[in-house]
Amino acid sequence: MFKKTKICSSIACILAIGAFNTAFAAEEVDATKEDANEVERIEVTGSRLTRTTFDAPSPTTVISAETIKMTGDLNLNEVLTSMPQFGKGFDSTSGNYSFGNSGINAPDLRDLGATRTLTLINGKRPVPIASDSNMLYTDIGIIPSELVERIEVVSGGGSAVYGSDAVAGVVNFILKKDFEGTTVRAQLGDSEAGGGATQSATLVHGMNFDEGRGNFSVSLDYFKQEELLFADRPGSANTSRYINNPANTGPNDGIYDKIIARGLTFPWFGGDQQMFGMWNGVAGDEDWYQLSGGNATLRTPAANTIEGGWLANDGSGFSPLVDAQSRNPYDRINAYARFGYEFDSFSMAADVMYSKTSSEDQIDPAFVWESYHSLDSLIASGYDVPGAVTDIMAANNDYWVSLPQVFRDENGRGRGHSNDRNYFAASVTFEGDINDNWSWDAYLTSGFTATELEQTNALRKDRFDSENLRLVGPCVDAGTCPDYNPFEPISGAVADYILADHITYTDVVAHGFAANVNGELFELPAGMVQVTTGVDVRYESIDYKPSFLWSNNLLSSFMTSMDANRTIKEVYGEVLIPVLSDVFLVKDLEFEAALRYADYSTESASFTSSKLAANWAVTDDIRFRASYSEAVRAPQLAEMLGGMSIGFQDVTDPCDADEIDGGPADGRRKANCQALGIQDGWDSNVKGKKGKVVSAGNPDLEEEKANTLTVGVVFQPTFIDDFRLSVDYYDIQLEDMIGRFGPSSVMSNCVDLESINNDFCQQVNRAANGDIIAVNDTFLNSDESRRRGIDIEVDYLFDFERRFDWAGELHFNLAATHQLEKSFTSYDYVEGTPLKTDSLGKIGAPEWRGNFRATYSVSDLVVRWTTEYSQGGPVELDLNPERYENADVDDSIVHNLWLGYDVMEDLNVYAGVNNVMDEKWVDHPYTNWGTRIGYSLLGRSYYAGVTYSF
């Protein structure tokens with residue numbers, strides 16, 4: 001048999017209690033049952049020291065392959081987000097309204113952002129992929145769930161052991177190796193209401209050779225997820241939202257300021273008909289008419305428009321759900337091969353992974369915001385104004401008309417994007433023994449990701465004059481412009497001329513080399529002092545090539561190219577010192593320390609990270625553990641060296657009529673807005689819309705710093721068989737957090753300081769009438785964030801046969817997190833003091849999250865019931881009771897059922913129902929987008945699969 005590696009030994013340890021557990025990493029190898037010379041040392045995620053047990057000082061949770069299978073999820077990030085330690089990260093709902101994020105799946109421990117969670121595959125950094133902002137992430141969507149042996153999750157800073165990014169913790173995916181035989185698995189799933197169907201097929205084959213000294217294994221995997229449209233879930237997205245209550249008379253009147261409006265539509269936005277608006281002086285807004293067949297019909301009266309006229313409350317407008325996807329479609333093909341061989345004096349393992357993923361996103365069509373045009377100007381421009389329009393003008397004695405434009409292609413499609421990503425990585429690892437007490441290992445890894453982003457039906461501003469509503473550009477010079485009339489649907493020729501598909505390429509390259517030496521220095525009365533030390537050299541680069549149209553500012557947004565790289569050189573050391581052993585109240589007491597020095601070629605200064613830890617086993621029943629780390633996150637290449645980009649974001653203008661009474665109590669906001677030429681009652685041009693935001697990298701950024709503390713206890717009583725309890729406190733304090741002020745904060749600081757003579761106002765570009773033209777925003781080391789809480793895990797296996805001579809066993813597992821703080825501290829430039837905001841308790845920042853599993857297994861049958869809980873809360877904290885109608889969002893409680901049956905020794909069939917109670921969460925504006933953890937729009941879903949081994 002091929003000799004077990006360190007990792008192989010650890011698998012056996014973890015799964016010793018049963019194949020269906022979410023195991024604690026506190027499993028201990030029963031060394032007394034083996035010859036001392038046969039006990040191998042293992043490496044646990046969170047430390048490079050080897051040990052004979054899993055009793056590491058850092059809290060570690062292990063998710064087994066069987067637990068992954070029993071979720072029914074074929075996307076590993078969905079497995080992780082069901083755990084209470086994780087935030088949303090990137091998933092299948094993250095691509096909507098992005099420049100290209102569809103298909104990215106990246107975990108996010110403690111909801112600190114995916115860039116602050118270090119993700120490893122077999123203990124090594126994989127090649128990252130780039131998001132639409134050129135930030136680099138480990139995309140775990142490329143990992144087939146069938147290949148995963150287990151996932152190890154370590155809470156708390158791990159930078160001293162692994163380097164940058166391990167601020168919130170480490171997620172390590174351990175892939176299967178030394179596989180022997182052939183296994184085929186297939187699974188199909190779909191939602192009861194339709195949408196989001198999945199299918200997968202995996203083939204794994206492995207063989208030993210040369211009397212077990214060598215092993216070769218290969219796997220092929222296919223996974224497909226279909227789209228889930230918002231239109232498939234009535235009541236979702238923009239059809240339900242908070243609006244200003246027209247019945248509100250002011251503060252303390254007992255009437256809600258904001259109420260929930262349902263069945264909302266757009267008077268013209270996203271429509272498939274030509275629309276024009278006429279001012280209704282009585283209603284104080286526009287009546288919207290539809291032009292069709294030469295007739296003009298009043299479709300949405302001004303009296304039925306709300307929120308500045310951009311929404312209709314009578315259902316007469318166009319559905320907001322037509323074009324948008326709640327979940328993006330996704331296709332993945334994976335190939336993986338591994339070769340390992342045990343030579344006389346060392347072992348070697350080489351692996352190759354290839355993945356091709358495709359995904360897409362669809363959104364609303366290109367458009368031009370409504371603007372007023374006089375009849376005379378339209379005639380002067382040569383347009384044939386329909387008689388139905390002039391008749392309505394005459395009837396109203398008003399010869400100005402509001403003309404928005406919506407541009408769909410000749411097939412009626414709006415805008416969208418598709419992503420094709422190719423991932424390739426190869427590595428080779430060598431391991432050997434120097435002597436009985438010392439060992440070494442080294443590895444080389446190299447790879448790339450190549451992304452092709454195609455965006456469709458983008459409006460070319462060099463070919464359409466949005467202000468004057470006319471075709472411009474080369475067709476005018478050549479005299480070949482197709483016929484265009486703003487009162488008529490565009491022809492295929494016009495669509496071909498003004499709408500464009502364009503392709504952007506992003507290449508990421510990564511190389512790595514590491515070498516480590518591990519051994520025993522000398523012996524103390526309590527045991528051997530162990531050390532490990534090593535070097536780590538990495539290279540990473542990103543080459544971002546936006547399309548010609550994008551990079552030449554010919555579209556509504558603008559991106560410049562980026563070609564950047566850096567080299568990281570690190571050296572580290574780690575030591576374990578046994579202090580006491582087998583004395584009163586101390587079965588074992590040991591301390592750990594680690595220090596890492598890092599030098600980045602893109603920064604003028606180097607930095608260090610460190611760790612101190614203690615592990616105290618009082619008896620065999622109870623153990624205390626603690627760890628303190630100084631962790632870092634180096635600024636990414638895009639944050640430092642990213643080129644200029646221009647896009648559109650949701651912004652709030654402080655000078656708008658709904659906002660001008662905010663700000664400091666002395667009323668300076670209103671006075672400063674007036675100094676900008678803006679008077680009371682002014683409606684901002686970005687109200688309810690997206691504003692133009694200009695951003696770029698900042699080469700002067702420094703690393704983020706975090707102090708992380710974990711203190712816990714593990715209780716595994718010898719007088720209760722198969723029972724384990726762990727309670728761990730965590731505290732993560734992040735400083736010099738890299739981020740942007742955000743366009744809304746830039747604008748509010750401009751008018752909330754003592755005068756408008758400040759740096760913030762220099763970043764806000766307004767037109768003479770006060771309209772926002774653009775806001776500049778860039779990266780800064782400016783903020784702080786903190787996460788505190790308590791993780792609780794209880795595991796109990798009740799063996800009926802052993803205790804009552806009944807058939808089967810029942811296994812309970814409860815994992816829960818009680819969050820104590822989720823705060824963000826920014827600097828209040830108005831008051832000159834730090835401004836700390838703790839969102840704990842509001843929706844999206846639950847005090848409690850939990851996951852309960854009950855698994856019954858008897859003979860060839862296994863049944864699991866899972867309950868996932870996430871506490872709801874108010875939409876805002878410390879609210880005036882009048883502020884929001886239905887301000888509290890209900891708790892999320894989702895039940896799942898899984899059944900598996902071994903038809904024969906080599907054939908297993910299984911089926912499951914997720915979200916048994918069919919919760920869809922479309923009844924509240926804060927959950928009807930389906931983007932919050934626990935509040936999915938998918939509803940009840942079913943899946944079934946088969947696994948055959950031979």
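**Confidence, a helix pair and salt bridges**

The predicted model averages a pLDDT of 90, and 95% of the residues score at least 70, where pLDDT is the predictor's confidence in each residue, from 0 to 100. Local features need pLDDT of at least 70 and side-chain atom pairs count only at pLDDT 80 or more, while totals for chains, interfaces and linings use all residues. Residues are numbered from 1 along each chain as its sequence is written, and side-chain values use heavy atoms, leaving out hydrogens and water. Over residues 1-39 pLDDT stays under 50. Where pLDDT is low, the predicted coordinates should not be read in detail.

Helices are DSSP runs of H or I with at least four residues, and strands are E runs of at least two, numbered from the N terminus. Eight of the ten residues of α12 are buried, so this helix is largely enclosed by the rest of the structure; buried means under 20% relative accessible area, exposed over 50% and partly exposed in between (1.4 Å probe, protein chains only). Among the buried residues are Pro743, Val746 and Met747.

Next come the salt bridges, each a side-chain nitrogen of Lys or Arg within 4 Å of a carboxyl oxygen of Asp or Glu. The count comes to 51. In one of them, Glu704 pairs with Arg116, with the closest N and O atoms 2.7 Å apart. Glu704 lies in strand β40 and Arg116 in the loop between α3 and β4, so the pair ties together parts that are 588 residues apart in sequence. Glu704 counts as buried at 0% relative accessibility, and Arg116 counts as buried at 6%. A network of salt bridges links Arg116, Arg633, Glu639 and Glu704.

Technical notes:
Contact = heavy atoms within 4.5 Å.
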